[in-house]
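Q: Please take a close look at the pockets of this model, and describe what lines them.

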Amino acid sequence: MNENLFASFITPMMFGLPLVTLIVLFPSLLFPTSNRLVNNRLISLQQWMLQLVLKQMMSIHNTKGQTWALMLMSLILFIGSTNLLGLLPHSFTPTTQLSMNLGMAIPLWAGAVITGFRNKTKASLAHFLPQGTPTPLIPMLVIIETISLFIQPVALAVRLTANITAGHLLIHLIGGATLALMSINTTTALITFIILILLTVLEFAVAMIQAYVFTLLVSLYLHDNT
Amino acid sequence: MPQLDTSTWLTMILSMFLVLFIIFQLKISKHNFYHNPKLMTTKTPKQNTPWKTKWTKIYLPLSLPL
């Protein structure tokens, strides 16, 4: 059962050809390019949503931080659309792969930290020592703050991976339980079915929330450093 | 856990780089966020002409009624 349970998280390759690249490319097909002055309904709706998210997320930044607007918006669209598409049955969700999430988290976090280091060196070093700490605690606190800084990209990646993977696993398990229970005791199967529906609603929310949290945290790291 | 099988990591990361950093950003950068149309003031600017206005009407096209 262990083998079967994790089967949906194996990277899809067909005879050595990376099928996974096409799967990662697919969400971008759902966001058509805006070519004209007045676009069709789909593009206008997506542009309106994008502007809403843009205003919400980038208003806290100064001019330097707002140069990251394009990056953060494509990040939230990518993670959100990938997570939502993963809720379709038998689909492969790229954000369950630790490799991809590490590849997203580490460059973005490193970019924010290095920007802070290069432009405001004293202020970014000052983050290692919160204000008002008693003197004997200083060495320990610097070590703790350093560890908490370096754990940020790992936490970003693992948070996204674990949340989406756990949600998918739960859906698999409860769906399998419902199916097995249907022939044995229909009432219990009904209860598990209701649990499955509630779980799916939760997963929709989680899909979007995780995208938001990832982008928000990157934006916070950016805010600290610009 | 199949996520920890590092043989596919390079493929995943490269395809993600392609999609996130190139394709999505190209698509979103094409969005035009234009301002809502506003009324323009139609007042004509005051011209400082020390000479007589009946001779300067043709030399001040901005003051002509459009």
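A: On a 1 Å grid over the protein atoms alone, a pocket is an open set of points where a 1.4 Å probe fits, with protein on both sides within 12 Å along at least five of seven lines, and lining residues have an atom within 4 Å of a point. Points are joined across faces, edges and corners, and a volume is the space filled by probe spheres set on them. The model is predicted: local features need pLDDT of at least 70, side-chain atom pairs count only at pLDDT 80 or more, and totals for chains, interfaces and linings use all residues. Residues are numbered from 1 along each chain as its sequence is written, and chains are lettered from A in the order in which they are written.

The second largest pocket holds about 410 Å³ of space. It is lined by 14 residues, and A:Leu88, A:Pro89, A:His90, A:Ile171 and A:His172 are the closest to its centre. Two helices of chain A, α7 (138-184) and α8, each give two or more residues to this lining; helices are DSSP runs of H or I with at least four residues, numbered from the N terminus. The largest share, three residues, is from α7(A). By class, six lining residues are nonpolar (Ala, Val, Leu, Ile, Met, Phe, Trp, Tyr, Cys and Pro), eight are polar and none is charged (Asp, Glu, Lys and Arg), with the others, Gly among them, counted as polar.

The largest pocket has a volume of about 560 Å³. Its lining has 22 residues, with A:Phe31, A:Met49, A:Ile76, A:Leu77 and A:Gly80 closest to the centre. In the lining of the largest pocket, α4(A) gives the most, seven residues.

How values were computed: Heavy atoms only, no water.
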